[in-house]
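Here is a short report on a ligand site and a few loop residues. Look at the model first, then read on.

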Amino acid sequence: MNLKKMVGYKAAEFIEDGMTVGLGTGSTAFYMVEALGRRVEEEGLKVTGVTTSHRTTKQASELGIPLKDIDEVDSIDLTIDGADEISEDFQGIKGGGAAHLFEKMVADLSDEVIWIVDESKMVKRLGAFPLPVEVVKFGHGQVKNLFERKGLNPQIRLDQNGQKVETDSGNYVIDLKLEIIEKPHELAAFLDSVTGVVEHGLFLDCVSKVIVGKTGGPEVIEVMR
Ligand code: 5RP
């Protein structure tokens, strides 16, 4: 079985009747949303979804999953999302799909966060995956210059037509090609301090469970904090 499908389907089993559920973005979260749609249809499961991108909103609404805007809920019981890298101490990089701003806002409001990944995403230390940073359009070149001066090896994300990728909020993405992130908390604090940065893809100390897709089956890891 496709490992992304395996973990997506497995994660949907953790959703309980009555829950408000954060629905992640990406090719792995896609399968979780697909499985949730099936549970809603076949079991009559009652849930409220809060989506993290226009893509997921479209998929979930086509599947008949009831949705609310993030501002219409008080809290979220459980969010299930993909990740681009997870280190051995369960810190993460997200934003490969440029959805990390909404994903982080939904995760921050959640009592529990589950990440679903195939085993290739599990790494010793973060950084081989370029770190996405969402920046406002105005002065994004100056933000890139600052990152260059800091040795962060920035690259503005382009689509297949060579156009700058725009997020769902109409911002640009700068990817930092770092190879190894020695001190994720320090880097996160620096990025948080830069005017013009909307949000970065370091998701620190936020995951409660990781489901890893392996050829032998899904492994469910409880993260102790
Ligand atoms: C989108 C994300 C995704 O969760 C992340 O990129 C993983 O995607 P995929 O499941 O397609 O590998 O952070 O912004």
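A polar contact here is a pair of N or O atoms within 3.5 Å. The model is predicted, and every value below is computed from it.

**Contacts to the ligand**

Start with T28. One of its polar side-chain atoms lies 2.5 Å from an oxygen atom of the ligand. For G82, a backbone N or O atom is 3.4 Å from a ligand oxygen. For G96, a polar backbone atom is 3.4 Å from an oxygen atom of the ligand. The protein covers 92% of the 380 Å² of accessible area that the ligand has on its own.

| Residue | Part of the residue | Distance to a ligand oxygen |
|---|---|---|
| G82 | backbone N or O atom | 3.4 Å |
| G96 | polar backbone atom | 3.4 Å |

In total, 18 residues surround the ligand. The closest are S27, T28, D84, G95 and K121. By type, the shell holds nine polar, six charged and three nonpolar residues.

**The loop between β4 and β5**

S87 lies in the loop between β4 (85-86) and β5 (92-93). Is S87 buried or exposed? S87 is buried, because its relative accessible area of 3% falls under the 20% limit. Its side chain makes a polar contact with the side chain of D89, at 2.5 Å.

F90 is found in that loop between β4 and β5 too. F90 has a relative accessible area of 18%, so it also counts as buried under the 20% limit. Now check its backbone. Most residues other than glycine have a negative phi. Phi of F90 is positive, near 60 degrees.

**The loop between α5 and β8**

N153 is another non-glycine residue with a positive phi, near 55 degrees. Where is N153? It lies in the loop between α5 (140-149) and β8 (154-156). Why does N153 count as partly exposed? Its relative accessibility is 46%, which is between the 20% limit for buried and the 50% limit for exposed.

Technical notes. Residues numbered from 1 in each chain as written. Predicted model: local features only at pLDDT ≥ 70, side-chain atom pairs only at ≥ 80, totals over all residues. Heavy atoms only, no water. Near = heavy atom within 4 Å. Polar contact = N/O pair within 3.5 Å; in protein donor to acceptor, adjacent residues only side chain to side chain. Areas by Shrake-Rupley, 256 points an atom, 1.4 Å probe, with all protein chains shown as cover. Nonpolar A, V, L, I, M, F, W, Y, C, P; charged D, E, K, R; others polar. Helix = DSSP H or I, 4+ residues; strand = E, 2+ residues; numbered from the N terminus. Buried < 20%, exposed > 50% of the residue type's maximum accessible area, 1.4 Å probe, protein only.
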